[in-house]
Amino acid sequence: MPILEKKPARERDSQVLPKVPVPPMNQTLDTYLKSVQHLVKEEQFKKTKAIVEKFGGPGGVGEVLQRKLLQRRDKTSNWVYDYWLEDMYLNNRLALPVNSSPVMVFPKQTFRDHKDALRFAARLIRGVLDYKTLIDARALPVDFARGQLAGTPLCMEQYYRLFNSYRYPGIKTDTLKVQMNTASLAPEHIIVACKNQFFVLDVVANSKQLNETEIFSQLEKIVKMADNTEERLPPFGILTSDGRTEWAQARDDLTKDQTNKDSLALIESCLCVVCLDEPSSLEPNDTNRALMMLHGGGREKNGANRWYDKSMQFVVGMDGICGVVCEHSPFEGIVLVQCSEYLMKHITGSPSKVTKASTIRELPPPRRLLWKYNPHIQGLLTASGDRLQRLVNNLDMDVFKFKAYGKEFIKKQKMSPDAFIQVALQLAFYKCNGRLVFTYESASTRRFQEGRVDNIRSATPEALAFVTSMADERATFTDLEKMKCLREAINAQTNYTVAAITGMAIDNHLLGLLRIAKELNMEKPEIFCDETYLTSNHFILSTSQVPTTVEMFCCYGPVVPNGYGACYNPQSDHIIFCVSSFWENTHTSSVVFVKALNEGLLEIRDLCNRCSAAATKLADSSQEAGQPHKSGK
């Protein structure tokens with residue numbers, strides 16, 4: 001229908017998509033009980049069941065809250081969006097690096113010298129400008145769902161926040177500001193960090209964007225300016241690596257001076273940050289490159305050469321360690337992937353279109369951002385640096401490439417690769433701890449207007465039955481029984497996934513009911529004070545699938561002190577796992593988890609192979625026995 005086509009892409013995209021539903025309350029409460037029963041003690045479950053039945057019963061408080069939630073759905077384009085954003089990100093007081101900001105790790109680049117590195121950075125910046133042009137024109141092709149329920153169009157809103165978002169720290173809660181482009185206010189500069197100094201690089205001069213050669217020449221000037229030790233200022237970027245309340249207080253102190261206010265205003269309105277990193281002096285293996293992206297190695301290395309509030313930071317290390325650090329509140333991992341893949345294709349694709357020297361314009365030099373400081377502020381910088389160092393020392397990261405098989409083998413078993421890997425992660429955890437724990441797997445709700453994510457609770461009763469059968473020392477279970485348990489675990493996982501992506505999971509719904517109670521100034525309903533609810537939201541295993549089509553991988557830290565972060569990237573013949581935990585917690589160890597994961601993946605493969613060999617043998621023997629045998633004569 002051409003009439004629709006005339007509407008701006010933004011209206012068109014949102015119009016087509018339905019609003020996220022509010023699930024039936026009894027369905028959510030039943031699912032909740034089913035998802036916690038096998039993970040808490042029997043006595044505790046009895047208490048929880050009584051509380052839940054009272055909450056959801058006739059005349060119970062649940063009915064009132066559900067009614068209000070349905071009214072909210074009518075009035076808003078996405079009833080859970082603000083609740084979820086605050087709960088998941090803005091209210092969280094932990095430091096952004098490791099705890100919140102995911103990173104994309106590029107393959108190691110080979111730079112002969114710093115000019116090579118700057119050429120790479122210039123191409124990257126040029127690619128960013130091209131990608132932003134596509135976004136601003138709303139010319140990005142609409143994404144369609146892959147995997148479960150493939151083919152549905154997805155909400156594109158997250159892309160429009162890639163380069164114009166900024167997360168301001170707050171004492172109690174942060175603020176995510178999105179500058180929706182009105183041409184006159186569109187940012188026309190990026191911030192370049194080099195040797196912990198910050199520089200403004202205007203990407204437009206006389207209404208014309210800089211070309212690659214011009215960007216390169218400006219970057220060369222920046223490096224030269226950063227080398228000037230006399231003008232070097234303290235590492236102010238380190239403040240953004242601190243806890244959010246600490247940074248908010250420090251920012252209040254900084255803004256008492258106009259110079260600092262002006263510098264902050266320029267950072268807060270930039271397109272993105274490009275971090276030119278010093279060589280890390282680490283062997284550039286996958287794990288070390290991941291660490292350099294996650295925390296920069298602390299203040300002694302590149303940890304202060306960052307500005308963590310900005311949604312996109314592109315890191316170009318002089319030693320070839322490159323990638324992207326992303327502030328997670330404006331968008332999900334898939335948007336980071338699409339942007340990163342576009343940039344890598346741009347960089348490695350077309351041969352450098354270096355313009356002849358004569359066409360380089362005389363451009364004003366980039367400007368160094370200035371800071372005013374006193375002993376008090378220097379004390380804050382030291383304290384932030386100390387806290388970042390503790391985080392650096394605490395992170396236990398293991399990037400593991402599982403090479404025995406990948407997606408192809410799993411698909412041959414007629415199983416969903418994502419569900420299969422989730423069940424394997426449950427088996428690995430069980431091998432290490434002899435129990436299962438509440439698990440988070442992000443599920444995209446982009447089939448709906450302004451959809452973000454809900455949670456797939458992967459530690460299902462069926463997963464517990466399967467891992468118990470696999471870990472059984474006394475050989476009580478036959479291969480066929482184990483296989484039946486595996487298929488049931490994978491089906492349960494797949495069914496939960498379908499529920500979550502169609503807006504029928506429980507976490508967002510329960511959060512919505514809790515927030516409505518708060519808005520009505522009601523006493524907090526008992527269901528939300530119950531120990532079961534509190535532990536069920538403490539995710540010891542936090543997982544997500546972030547697949548890529550270009551060689552690169554994503555990773556992040558654990559979300560609780562005694563937990564694991566597990567990000568995986570399934571390819572046709574291998575799977576990359578990034579497993580993180582904290583050294584300070586003696587119950588976790590990334591290397592032990594990876595060893596268990598490797599064992600478990602091989603055991604599941606062997607089980608599948610033994611069962612299909614047995615099935616083939618059975619089919620052959622019944623064929624040899626001839627027709628009479630089959631008809632039972």
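In which handed sense does α3 pass α18 in their crossing?

1. The crossing of α3 past α18 is left-handed (the near helix is turned anticlockwise from the far one by less than a right angle). This is a predicted model: local features need pLDDT of at least 70, side-chain atom pairs count only at pLDDT 80 or more, and totals for chains, interfaces and linings use all residues. Residues are numbered from 1 along each chain as its sequence is written, and side-chain values use heavy atoms, without hydrogens and water.

2. Helix α3 spans residues 25-36 and helix α18 residues 507-519; their axes come within 10 Å and cross at roughly 115 degrees. That makes α3 roughly perpendicular to α18 (65 to 115 degrees). Helices are DSSP runs (H or I, at least four residues), strands likewise (E, at least two).

3. Met-25, Thr-28, Leu-29 and Tyr-32 of α3 meet His-509, Leu-510 and Leu-513 of α18 (contact: heavy atoms within 4.5 Å).

4. The structure holds 21 aromatic pairs (ring centres within 6.5 Å; planes under 30 degrees apart are stacked, over 60 edge-to-face, the rest tilted). Tyr-405 and Phe-420 form an edge-to-face pair, with ring centres 6.1 Å apart and planes at 85 degrees. Both Tyr-405 and Phe-420 are buried (under 20% relative accessible area, 1.4 Å probe, protein chains only).

5. Tyr-440 and Phe-539 are also edge-to-face, at 5.4 Å between centres and 65 degrees between planes. Tyr-440 lies in strand β13 and Phe-539 in the loop between α20 and β15, so the pair ties together parts 99 residues apart in sequence. Both Tyr-440 and Phe-539 are buried.

Notes: Axes are lines fitted to C-alpha atoms, for helices over the stretch in contact, and angles run from 0 to 180 degrees between N-to-C directions. Angles under 35 degrees count as roughly parallel, over 145 as roughly antiparallel, 65 to 115 as roughly perpendicular and the rest as oblique. Rings of Phe, Tyr and Trp (its six-membered ring) pair if their centres lie within 6.5 Å; planes under 30 degrees apart count as stacked, over 60 as edge-to-face and the rest as tilted. Buried means under 20% relative accessible area, exposed over 50%, partly exposed in between (1.4 Å probe, protein chains only).
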